[in-house]
Structure formats: structure tokens, C-alpha cells
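Have the model open while you read.

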Amino acid sequence: MFKECNKANYRKGRTDKIKYIVIHYTAGNGDTAKNNVDYYANNAVSASAHYFVDENEVWQSVPDFDTAWAVGGTKIYKHPECRNANSISVELCSRNKNGGGRPAADGGWYFKEETVKNAANLVRELMKKYDIPPQNVIRHYDVWNKICPAPFVNSAEQWERFKEMIEMTELVSVNDIVWELAELGVISDKKLWLKKLADDQNAYWLARKAVNRIRNMSSV
Ligand SMILES: [Zn+2]
């Protein structure tokens with residue numbers, strides 16, 4: 001869904017090709033994607049992001065081919081190349097178990113599992129669309145030293161997990177699909193299923209869809 005950002009918060013067009021996806025957190029406590037697009041539509045704050053993700057939905061605020069003002073705010077960059085002009089920014093709605101208004105270094109910041117899954121799905125789509133390799137999906141923190149997204153900066157492990165989720169490729173070979181379904185305990189007779197999926201195109205497509213969906217769900 002799309003609700004256009006206030007024109008004072010972003011620049012039309014881009015001066016560079018899309019090469020990076022930058023992940024952020026909203027620093028809200030229980031905010032929604034819709035809350036955020038409303039805020040950026042109704043207020044001139046000279047800041048923006050392309051997408052906002054919560055546990056239920058994805059909202060777009062700035063079109064992909066326009067420049068969001070999301071990764072700046074410093075003169076000291078640690079990333080040699082990633083800037084607003086060549087990146088798409090994705091904000092994940094956050095929560096804090098210690099309450100709202102906490103500093104970024106507070107250990108209470110977290111993302112709901114569904115939010116992380118929705119963000120991973122969106123990022124995978126964008127990677128495909130713009131041919132962006134996994135190593136070019138980075139945190140705001142990797143552009144400069146801002147603690148953003150707090151849950152993925154305060155916990156390197158959580159960030160690694162997200163990176164694994166976006167790197168997971170879809171299973172397409174009959175062998176891999178049958179092997180994975182057997183591993184999951186969905187089927188037991190591998191030989192029978194290898195033959196079935198090889199012979200029956202419809203069964204192949206159904207099994208392929210099912211196994212990839214299960215992988216996406218169990219990866220978090
Ligand atoms: Zn950020």
C-alpha cells in the first residue's frame with residue numbers, strides 16, 4: 001500500500017542507481033506502518049524512508065525511484081559508497097519491553113517476529129527487482145555509526161539471523177524438495193515422492209510452493 005510522503009521530506013528522482021537496501025527501526029514502541037506513513041505525509045520533517053513494515057502490513061511512503069532522506073545525518077560516513085542517492089530504506093516498526101522513549105542503546109528494543117518476516121519478504125523482493133546482492137543489504141549503522149536499527153545493532157546475532165533469512169533461496173529441484181519434505185517429516189517415502197513429483201507437474205508445483213512456504217515460516 002502506498003501513501004505519499006510530504007514533498008518536503010524527500011527528493012524526486014535519483015542521481016545514482018539503486019545498489020543498496022538499508023534497514024532501520026522506527027524507535028517507536030508499538031507503532032504501525034500506517035502510523036508512520038501518516039506521520040511522514042502530514043509533517044514536514046526533512047526525513048523519510050521508502051518503506052515501513054509492521055507485523056501485519058507493508059506501507060510505502062517514497063517511490064523507489066525517488067530519493068528518501070534516511071541514511072544521512074552525519075558528515076562522518078564509515079561506508080565508502082552507500083548514500084541516500086543509491087539506496088532504498090526500509091523501516092521496521094519496533095517495540096521496547098522497558099517502555100517507550102528509551103535511548104537506542106537500551107537493551108529492551110526488539111522487533112516482533114512477524115515484522116521481521118514481513119521485512120525479509122519485502123527485502124527479498126527488492127533484491128530480485130533491483131539485482132541487489134545480500135552483502136548490499138546493510139544496517140543504517142553500517143553507513144555511519146548511528147545505533148539503527150537498535151535491535152539489529154544491540155544484537156549481532158539477530159542481524160545475522162535476518163541476513164540468513166534474506167539469503168535463503170527458493171528450492172526448485174525435485175531432489176531438494178523431496179529431501180526437505182522428508183527432513184520436515186511431511187513425507188516418509190522419498191523414492192515414491194521423487195517419482196510422483198517428476199511425473200506430475202501439478203504435484204511438483206504444489207510441493208514446491210509448500211516447501212518454500214514452510215522454509216520461510218521456520219526460518220525465524
Ligand atoms: Zn536509521
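## Ground rules

A quick word on helix geometry: axes are lines fitted to C-alpha atoms, for helices over the stretch in contact, and angles run from 0 to 180 degrees between N-to-C directions. Helices (H or I, at least four residues) and strands (E, at least two) are DSSP runs, numbered from the N terminus.

What you're looking at is a predicted model, where local features need pLDDT of at least 70, side-chain atom pairs count only at pLDDT 80 or more, and totals for chains, interfaces and linings use all residues. Residues are numbered from 1 along each chain as its sequence is written.

## The chain as a whole

The chain carries 8 helices and 9 strands, and its C-alpha trace spans about 60 × 40 × 30 Å along the principal axes. Of the 220 residues, 32% are buried. Here, buried means that 20 or more other C-beta atoms lie within 10 Å of a residue's own, exposed means 12 or fewer, and partly exposed is in between, with C-beta atoms placed from the backbone.

As for contacts, two residues touch if their C-beta atoms, placed from the backbone, lie within 7 Å. Among contacts between residues at least 6 apart in sequence, 69% join residues at least 24 apart.

## The sheet

Now for the strands. Strands of a sheet pair through backbone hydrogen bonds, either parallel or antiparallel.

S2 (residues 20–25) and S6 (residues 87–92) run parallel and are joined by 6 bridges. S6, in turn, pairs with S3 (residues 51–53) in the parallel sense over 3 bridges, with phenylalanine 52 opposite glutamate 91.

## What's inside

How many residues of S2 are buried? It's 6 of the 6, so S2 is largely enclosed by the rest of the structure. Both of its faces are covered, with Tyr20, Val22 and His24 buried on one side and Ile21, Ile23 and Tyr25 buried on the other.

S6 is mostly covered too, with 6 of its 6 residues buried. Ser87, Ser89 and Glu91 point one way from S6, while Ile88, Val90 and Leu92 point the other way.

## Two helix pairs

H2 (residues 113–130) and H5 (residues 156–167) cross at roughly 50°, and their axes come within 9 Å. That makes H2 oblique to H5; angles under 35 degrees count as roughly parallel, over 145 as roughly antiparallel, 65 to 115 as roughly perpendicular and the rest as oblique. H2 brings Val116, Ala120, Val123, Arg124 and Met127 to the contact, and H5 brings Phe162, Met165 and Ile166. By class, that's 7 nonpolar, no polar and 1 charged. Ala, Val, Leu, Ile, Met, Phe, Trp, Tyr, Cys and Pro count as nonpolar, Asp, Glu, Lys and Arg as charged, and the others, Gly among them, as polar.

H6 (residues 174–183) packs on H7 (residues 190–199) at an angle of about 140°, with axes 10 Å apart. H6 and H7 are therefore oblique to each other, and H6 passes H7 in a right-handed crossing. From H6, the contact uses Val174, Ile177, Val178, Leu181 and Ala182, and from H7 Lys190, Trp193, Leu194, Leu197 and Ala198. This contact has 9 nonpolar, no polar and 1 charged residues.

## A loop residue: aspartate 66

Where does aspartate 66 sit? Look in the loop between S4 (58–60) and S5 (67–68). Aspartate 66 is partly exposed, with 16 other C-beta atoms within 10 Å. Leaving aside neighbours within four places in sequence, aspartate 66 is in contact with Tyr10, Arg11, Lys12, Gly13 and Arg14. Aspartate 66 and alanine 85 are 19 residues apart in sequence, and 8.5 Å apart in space, C-alpha to C-alpha.

Note on methods:
A crossing is left-handed if the near helix is turned anticlockwise from the far one by less than a right angle, and right-handed if clockwise. Two strands pair if DSSP finds at least two bridges between them.
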